[in-house]
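Take a look at the model below.

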Number of protein chains: 2
Amino acid sequence: MVFVAKIGGSLAEDHSGLVRLCQELIAVSKKYEVVIVPGGARFADTVRYFYDKLSLSDDTAHKMAILAMDQYGFLLKDVMGSAILTHSLEDSLQIAKNRTLPIILPSKIMLSLDPLKHSWGVTSDSISAFIASSLKAEKLILVKDVDGIFTEDPIRKRDTRMLRKISAKRLLKGRTGCVDELLPTILIEKQLKCYVVNGKHPDRIKSILEGKPDIYTEIIP
Amino acid sequence: MVFVAKIGGSLAEDHSGLVRLCQELIAVSKKYEVVIVPGGARFADTVRYFYDKLSLSDDTAHKMAILAMDQYGFLLKDVMGSAILTHSLEDSLQIAKNRTLPIILPSKIMLSLDPLKHSWGVTSDSISAFIASSLKAEKLILVKDVDGIFTEDPIRKRDTRMLRKISAKRLLKGRTGCVDELLPTILIEKQLKCYVVNGKHPDRIKSILEGKPDIYTEIIP
């Protein structure tokens, strides 16, 4: 049973928090088959900067943003120490089966297969969903810097509450969230279970792996 | 006779200037065999940010910074239109021979051959020198946002003058410059002629190709 965890880029902004998260991921990979997909982090923001400044095409920005995920993958490997970088879906499964933590560098896979449309509505959320579905993963875990999906943006609105569960269909209708535009469609198409969890509390990831209740949002496909 | 031109990243900060530079490069590539190597641009600054913030290893930062060059390569291709991206030294020569402009994405070459040490003293300057020497290029042209190499940093000191010529040996002794630490050593070892020129005045690049005097600095190996 394989789990894919995408590590959001904003988590790299807090050094000690990132170290704790990486240690927990290494620890759970001794017991569970976990495959890491990196987010785009500040590297993707730099792509966005030039996209706006130089009116780059969506096609170019998409490729540059995928390289940003590779960059963040190298960063995560540096912090994790014993993880293994790989460009290959097959190798990632084998590494996880050996109870070591693989970090997928998605550029080769995504630039050769090119399965998703090129727009800012497709980020590392959708890319990790594509990878999770290709690996026939049991669960996709989106590790972000928020506790889960809220009824409204908690930064902008005070009167909002976190959802323990939400259907991908409902996500499609009203954007309440911190996930990208295409994600709900992929989850429905691939019938993939997805979780949004706060990486600042790494123990909650373990709860998802164990199927135990905790603070996170489950997205039902 | 092949010329390698490395396009400095800071030139991407001025849209219309970059467009003019790219148009000139496309124009000269009809007459001369020119191969483009991208700099690291703001993408490499982002790598530096995380290098400092997370105490990343030089090894990791080196790989991430090489991906930054690929990102800038995609950006340059977007602005240039008719240029051709390639991961291969051999292909770049063939494309240039056909009087089309190749842009080398250096990650595959550099991560597989790994010929240079991993430190911030090795930037896209040295990487382009390595590529120029591998291509047996006649001249390496470092296209930057300054007129050339000065006796002292012109931003910090008023009483400074631009050097028309400087030996790589002298560059080794006193850092007067806007080039990276390893560059002079590579130029001497490979006996490679190198020029520093301002990309905000693209006509000066043509002067170097034609061997005519103009405002630039020649580094004698």
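Which residues in H6(B) meet which residues in H8(B)? From H6(B) come B:Asp125, B:Ser126, B:Ala129, B:Phe130 and B:Ser133. From H8(B) come B:Leu183, B:Ile186, B:Leu187 and B:Lys190. The residues of this contact divide into five nonpolar, two polar and two charged. Keep in mind that this is a predicted model.

Now place the two helices. H6 of chain B covers residues 124–134, and H8 of chain B covers residues 183–190. Two packed helices are described by the angle between their axes and the distance between the axes. Here the angle is about 15°, and the axes lie 9 Å apart. Angles under 35 degrees count as roughly parallel. H6(B) and H8(B) are therefore roughly parallel to each other. The crossing of H6(B) past H8(B) is left-handed.

Turn next to the charged pairs. Side chains of opposite charge can pair when their charged atoms come close. Over all chains, a search of the whole structure finds 16 salt bridges. Three of them are followed here, in chain A and chain B.

Start with A:Lys6 and A:Asp125. Their side chains meet in a salt bridge, at 2.9 Å from N to O. This pair links distant parts of the chain. A:Lys6 sits in strand E1 of chain A, residues 2–7. A:Asp125 sits in helix H6 of chain A, residues 124–134.

Another salt bridge in chain A joins the side chains of A:Lys212 and A:Glu210. The N to O distance is 3.3 Å. A:Lys212 is partly exposed, with a relative accessible area of 46%. A:Glu210 is also partly exposed, at 29% relative accessibility.

Chain B has a salt bridge between B:Glu210 and B:Lys212. Their closest N and O atoms are 3.3 Å apart. B:Glu210 counts as partly exposed, at 29% relative accessibility. B:Lys212 is partly exposed as well, with a relative accessible area of 45%.

One network remains. Salt bridges that share partners join A:Lys6, A:Asp125 and A:Lys144.

Note on methods:
Residues are numbered from 1 along each chain as its sequence is written. Chains are lettered from A and ligands numbered from 1 in the order in which they are written. This is a predicted model: local features need pLDDT of at least 70, side-chain atom pairs count only at pLDDT 80 or more; totals for chains, interfaces and linings use all residues. Side-chain values use heavy atoms; hydrogens and water are left out. Axes are lines fitted to C-alpha atoms, for helices over the stretch in contact, and angles run from 0 to 180 degrees between N-to-C directions. Helices (H or I, at least four residues) and strands (E, at least two) are DSSP runs, numbered from the N terminus. Angles under 35 degrees count as roughly parallel, over 145 as roughly antiparallel, 65 to 115 as roughly perpendicular and the rest as oblique. A crossing is left-handed if the near helix is turned anticlockwise from the far one by less than a right angle, and right-handed if clockwise. Contact means heavy atoms within 4.5 Å. Ala, Val, Leu, Ile, Met, Phe, Trp, Tyr, Cys and Pro count as nonpolar, Asp, Glu, Lys and Arg as charged, and the others, Gly among them, as polar. A salt bridge is a side-chain nitrogen of Lys or Arg within 4 Å of a carboxyl oxygen of Asp or Glu. Buried means under 20% relative accessible area, exposed over 50%, partly exposed in between (1.4 Å probe, protein chains only).
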